[in-house]
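Dear colleague,

Please find the structure below.

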Amino acid sequence: MKKQVKNNVYWVGKIDWELEEFHGSDYSVTVGSSQNSYLIQEEKTVLIDTVWSPHKDEFVEHLKEEVDLNSIDYIIMNHGEVDHSGSLPRLMEEIPDVPIYCTKNALDSLVGQYHHPEWNFKVVKTGDSLDIGNGKKLVFVEMRMLHWPDSMATYLTSDNILFSNDAFGQHYAVEELFDDLAEQGLLWEQAMKYYANILNPFSKLVAKKLEEILALNLPIDIIAPSHGAIWRDRPGDIVEAYAKWANAYQEDRITIFYDSMWEATTAMAHELAREISKASPSTKVKVFNVAQTDRNDLMTEVFRSKAVAVGSPTVGRDILTSMAGILHFVKELHFENKKAAVFGSYGWSGEGNKILREKMTEAGFQVVEPEMKIKWKPTAEDLKQAVEVAKALTE
């Protein structure tokens, strides 16, 4: 069933309550999600994006209930990734000649994924527009690397709607569709998680793109992303949040994450948390065992933090594989302007701290000199090493 967004603009997407993971198993989805597709019915009928291929038959059948497919004049593909384009092959079985508007890079990705070079592609770039009648136009804005090279946004004049694609989205199922009807805590929690885990590596590009969009002087009344709630109440709030998040974001918060074999490193993590709280009572401190923590939620905490402490025992002259995987992910997300400390126990050779230090330095963190390195089970005296580490992280 279509839902009105504004005037002759309708949502025709899929609320995906059962979705539990995204990007393969790379992103955890805990409160459902949506794949947002939009139908514009002016003098010309326009479909913006489709939904993921598991829902392709449902999508096409529901679309048939709302509109004669042969009346669709244009399809806009803001992004070639399969959660947006997955139903396109099924739809093109019904209307094979309809023009598909996309960027040059999206042409590459759509042909590369679906192997239909004969589709009627129309390549557009920033500033190009498409007249859809009744005095309205669609204006295209390339959004390269937000978060694929093929991404773009589409702006509808007169109604002042920015179909922003992946930017400003959340993996959050909102049956009520709009931000003002969503649970505010969940909405902003999921918006930050989405930014931290998907868009943070491209923060410099996000900042530049926000400047570019603002320079176009387009009045924006509604931001309609590809996932989650549509921002209609105060769309400027999410734009302001992105501007902050893109600027090496941090709060007065320190995150400790570790793994342990026989609880020695666990004891070190907990002692360090206590000492950080003593050194800076206003600083929020959280402790996570990586083997028992959702890694995307952990990365959101790292994103919010001004500093982190990472711990692992030495195992086979290295660190635990659980920590190695997490630190690879940390490096991939390109956090900036954050401190780090390292800690860990050992029984024999003790290379763990050196490896942690190297990996955090490679990930772009300023690794402080004091560390906790304790042989075998820590004594009360051993744990006093946490004092200097806490001081270095909170200064």
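The model is predicted, so to speak of a local feature requires pLDDT of at least 70 and a side-chain atom pair counts only at pLDDT 80 or more, while totals for chains, interfaces and linings use all residues. Residues are numbered from 1 along each chain as its sequence is written, and side-chain values use heavy atoms, with hydrogens and water left out.

**Helices 10 and 11**

Helix 10 (residues 321-332) packs with helix 11 (residues 352-362) at an angle of about 20°, and their axes are 9 Å apart. Helices here are DSSP runs of H or I with at least four residues, strands are E runs of at least two, and both are numbered from the N terminus. The axes are lines fitted to C-alpha atoms, for helices over the stretch in contact, and angles run from 0 to 180 degrees between N-to-C directions. The two helices are therefore roughly parallel to each other (under 35 degrees; over 145 is roughly antiparallel, 65 to 115 roughly perpendicular and the rest oblique).

On the side of helix 10, M323, L327 and K331 make the contact; on that of helix 11, L356, K359, M360 and E362 do. Contact means heavy atoms within 4.5 Å. By class, this contact has four nonpolar, no polar and three charged residues (nonpolar: Ala, Val, Leu, Ile, Met, Phe, Trp, Tyr, Cys and Pro; charged: Asp, Glu, Lys and Arg; polar: the others, Gly among them).

Within helix 11, G352, N353, I355, L356, R357 and M360 are buried (under 20% relative accessible area; exposed is over 50% and partly exposed in between, with a 1.4 Å probe and protein chains only). The buried residues of helix 11 pack against helix 10 and also against strand 19 (307-311), strand 20, strand 21 (366-367) and strand 22. G364, with a positive phi near 95°, follows helix 11.

**Aromatic rings**

There are 16 aromatic pairs in the structure. Rings of Phe, Tyr and Trp (its six-membered ring) pair if their centres lie within 6.5 Å; planes under 30 degrees apart count as stacked, over 60 as edge-to-face and the rest as tilted. W119 and F121 form a tilted pair, 6.1 Å centre to centre with 50° between the planes. W119 is buried at 7% relative accessible area, and F121 is buried at 15%.

W348 and W376 form an edge-to-face pair, with ring centres 5.1 Å apart and planes at 90°. This pair links distant parts of the chain, 28 residues apart: W348 lies in the loop between strand 20 (339-346) and helix 11, and W376 in the loop between strand 22 (372-375) and helix 12 (385-394). W348 is exposed at 76% relative accessibility, whereas W376 is partly exposed at 47%.

F168, Y195, Y242, W245, Y249 and F303 are linked into a cluster by ring pairs.

Charges also sit over rings: the charged end of K3 is over W11, 5.3 Å from the ring centre, and that of K373 is over Y346, 5.4 Å from the ring centre. The criterion is NZ of Lys or CZ of Arg within 6 Å of the ring centre and within 35 degrees of the ring normal.

**Backbone features**

L146 and H147 are joined by a cis peptide bond, with omega about 5°. H147 lies in the loop between strand 13 (136-142) and strand 14 (152-156). M145 is found in that loop and has a positive phi of about 70° although it is not a glycine.

With kind regards
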